[in-house]
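Me: I'm new to this one. Can you walk me through it?
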Amino acid sequence: MIASVTGTVEAVGLDHAVVAVGGVGMLVQATPTTLAGLTVGRDARLATSLVVREDSLTLFGFADDDERAVFETLQTVSGVGPRLALAMLAVHTPDGLRRAVAGEDLAALQRVPGIGRKGAQRIVLEIGEKLGAPGDGLGPGTAPPGAPAATQAPEVVEALVQLGWSEKVAAAAVESVTGAEQPPADVPGILRAALQHLGGHARV
């Protein structure tokens, strides 16, 4: 298993980064928060989890070991695969998920695209105390600073639509985020802020 990668960040996209490790560019899928903490040209360390399928090997990256542990624990729930687990970490921090599970907050879990009431109930039932109590982890990732470029908005809207929101709702969220007094500076940052904004809204 590849437990971590350390190297120079070569590229950062909406849902992935490329990290040069020993002359090899490793493509790592990650959440907007994790990606927002990366800078092209600078060295970075990502905790990683390798998901093996019959036809693919996919490397998922995280800001710290705690986020990776939560990602792997979430996949022990029936019906939760790596993509859905990553989407859960895009909407909630590890401690946010711990609070939702411990408090049986089904509404919070349903804020994640792809999780309905039955799915939320199954997560609460099957995970139990596996995630631990809030505060048991290593802490949150780094939040992005700065100001956005208007040309990045369409990319973020497209990413939100792929995650499960309608184009109308996604566009409204992005407009709200980019119009803030201190908006995020890049695509991953805008995406993360839009997901936080959508946390209390229905996917219609």
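Predicted model: local features only at pLDDT ≥ 70, side-chain atom pairs only at ≥ 80, totals over all residues.

Me: How far apart are the C-alpha atoms of A171 and L160?
Reply: They are separated by 8.7 Å. Along the chain, A171 and L160 are 11 residues apart.

Me: Which residues of α7 and α8 meet?
Reply: From α7, A153, V156, V157, L160 and V161. From α8, E167, A170, A171 and V174. By class, that contact has eight nonpolar residues, no polar ones and one charged.

Me: At what angle do α7 and α8 pack?
Reply: About 135°, with the axes 9 Å apart. Angles over 145 degrees would count as roughly antiparallel, so α7 and α8 are oblique to each other. The crossing is right-handed.

Me: New topic, the strands. In what order do they close into a barrel?
Reply: Five strands close up as β1-β2-β3-β5-β4, with mixed pairing. On average, neighbouring strands are turned by 55° against each other, direction ignored.

Me: How many bridges join β1 to β4?
Reply: Five, and the two strands run antiparallel. T8, for example, has D43 in β4 as its bridge partner.

Me: Which strands does helix α2 lie across?
Reply: β4 and β5, running at about 15° to β4. Helix α3 lies across β3, β4 and β5, at about 15° to β5.

Methods
Residues numbered from 1 in each chain as written. Heavy atoms only, no water. Axes fitted to C-alpha atoms, helices over the stretch in contact; angles between N-to-C directions. Helix = DSSP H or I, 4+ residues; strand = E, 2+ residues; numbered from the N terminus. Parallel < 35°, antiparallel > 145°, perpendicular 65-115°, else oblique. Left-handed = near helix turned anticlockwise from the far one by under 90°. Contact = heavy atoms within 4.5 Å. Nonpolar A, V, L, I, M, F, W, Y, C, P; charged D, E, K, R; others polar. Pairing = 2+ DSSP bridges.
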